[in-house]
Amino acid sequence: MRREIRITGSGGQGIITAGYLLGKAASIYDGKISTQIQSYGPEARGGASKTEIIISDEDIYYPYIQMADIFISLSQEAYERYRRDVKKDAAIFIDPTFIRPEKNGCYSIPATEEAIKMGSQIMANIIMLGAVAQITGVVSIESLQKSIRSTINERFLEMNINALLKGCELGKRALEENTIKATASD
Amino acid sequence: MDAYDILGPSEQYIQGDKACVYGALIAGCRFFAGYPITPATEIAEEMSRFLPKLGGTYIQMEDEIASMGAIIGASWTGKKTMTATSGPGFSLMQENIGYAVMTETPCVIVDVQRGGPSTGQPTMSSQGDVMQARYGSHGDYEIIALCPSSVQETLELTIRAFNLSEKYRVPVILMMDESIGHMREKITIPKDVLIANRSTVDISYAYYRPFRTGYMHATKIPEFAPFGSGYKTFITGLTHDEDGFPTTVNPKAHSDLIKRLSEKITDNIDDIFYVNNKHLEYAEIAVISYGISARPSLAAVNMAQKLEKNVAFINLNTLWPFNYEFISELSKQVEKIIVVEMNMGLMYHSIREAAEGRCDVVLVSSLGGRVPTPKDIVEMIK
């Protein structure tokens, strides 16, 4: 099965890093095939930034997104710019600190809020990644941990792993809330 | 220290640009001179990190003209050398690429293509330089240009580029594109790789003439004696005799020289030309592509196969020398050839020329950095 993931946000939020960690986890540690591409260049710090990851059990020929299965956004500007070519039933993840949740339901993950509580806003990308993995199962939490361990500088390792676990927790909570909502609206 | 000692784990998730560096180091490249330019900067960056650990040399030059000059000079000390650039820098290198052809200097030039002409689209993919690789320098000559369409292929074709460059004493151009350069995929670092080195002489100093062929092997490629080896060596961009000295008004000397420079490539097209085919046997339609465009092309061919179309996929991993015979034979077999490329139709011309009207040749062109989708190509197959 081919799954297409787009992660977007502001330059400096660690969007590309999140994409790299996800793709690496899938390809090196989950034994799947994965490609990662990234928007590059003028949109450095501040501007809208995006990365696209394809994860599949089979060879990936076309490495770009045709219709995204998972759409993640950490900034309003990037959300508006890149929320296209997304499947109707796609899993949408937003950070409510920056983006108003969608009416038709999406996973609202307070990654930035939690990151600030944990002492550093830059952990928001890892928290989001944890929530995404927890909810979609697109990659295993264990592989994400390995991916982080083999990538992040040892000095920041502990806090990144904690952020990932925090993200998983938020994911579980969001999943429960969404289930309750869905049941209530039935 | 060996390249394998510093490259890290055998399986990695890396960009095409980095895979190019890995390939170069495995092939034995120990000298890099360049000037950073998007989307090839990562090659210079990684080279500057790795080369000193292997006792190699990295020089950031003042521009691409000087970069090309530096790798030619360093090659004449016996080192395997490389530079990497993109379109604007590739334009500046053309004069010295001709000099490398004329002086039969082994070296590898990487062009990570972006949108042109001029500074164009620095961060977007393109395949607009493939004719420049072939004809960019003046005068008659043959060159070798290879083109990868995955990160793994980038590593392998970089090694191949060095091997061919050493074997045929010709600059070899690796034609990447922004998509392949910046895309990450899993690679497996190959072990026990076949590495070619330029053929050297082992005869008395007195008898050696640097551009006479046939001392050690019956080929059209002269044996190489680096500067400082004790052998008399003289090189010039002027038409030269077997001693390497200028002979500029003798028509025979010139025609003999440029014929040999061309024939050492064209005589060995079977050794140099390598393409990746799928479903060729019963094909009625062939899709020919290369680089990033080859990926949606293969996806489209697989989709069409499911619709029971007899479609072949041909990935032109070797762009130059162009194998007219291969395309000519193909044109006798199929009814239609679809050429997919990210330019206004460049390889399309050579393919049409080789097909000589025996079958339809149509173009799927994509511009502006937009990589063609499998759908674009399937439409043409239907």
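## Helix α13 of chain B

A residue is buried if 20 or more other C-beta atoms lie within 10 Å of its own. That cut-off is applied here to a predicted model. In α13(B), the buried residues are B:M347, B:Y348, B:S350, B:I351, B:R352, B:A354 and B:A355. Helix α13 of chain B spans residues 347-355, and seven of its nine residues are buried, so the helix is largely enclosed by the rest of the structure.

What do the buried residues of α13(B) pack against? Their partners in chain B include two helices, α6 (130-135) and α12 (324-333). They also pack against the strands β11 (285-289), β13 (318-320), β14 (336-341) and β15 (360-365) of chain B. Just after α13(B) comes B:E356, with a positive phi of about 45 degrees.

## B:A100 in helix α5

B:A100 belongs to helix α5 of chain B, residues 87-102. Is B:A100 buried or exposed? B:A100 counts as buried, because it has 27 C-beta neighbours inside 10 Å.

Leaving aside residues up to four places away in sequence, B:A100 touches B:I72, B:T105, B:C107 and B:P171. Take B:P171 from that list. B:A100 and B:P171 are 71 residues apart along the chain, yet their C-alpha atoms are separated by 6.3 Å.

## Where chain B touches chain A

In the contact between the chains, 18 residues of chain B meet 17 residues of chain A. On the chain B side, the elements that give two or more residues are β1 (11-15), β6 (121-125), α8 (178-182), β9 (184-188) and α11 (294-306). Which of them gives the most? It is α11(B), with four residues.

By residue class, the side of chain B that touches chain A divides into eight nonpolar, five polar and five charged residues.

## Parallel strands in chain A

In chain A, strand β4 (residues 68-73) and strand β5 (residues 86-94) run parallel, joined by five bridges. Within this pairing, A:A68 stands opposite A:V86 in β5(A).

A:F93 has A:Y107 in β6(A) as its bridge partner.

How values were computed:
Residues are numbered from 1 along each chain as its sequence is written. Chains are lettered from A and ligands numbered from 1 in the order in which they are written. This is a predicted model: local features need pLDDT of at least 70, side-chain atom pairs count only at pLDDT 80 or more; totals for chains, interfaces and linings use all residues. A residue is buried if 20 or more other C-beta atoms lie within 10 Å of its own, exposed if 12 or fewer, and partly exposed in between; C-beta atoms are placed from the backbone. Two residues are in contact if their C-beta atoms, placed from the backbone, lie within 7 Å. Ala, Val, Leu, Ile, Met, Phe, Trp, Tyr, Cys and Pro count as nonpolar, Asp, Glu, Lys and Arg as charged, and the others, Gly among them, as polar. Two strands pair if DSSP finds at least two bridges between them.
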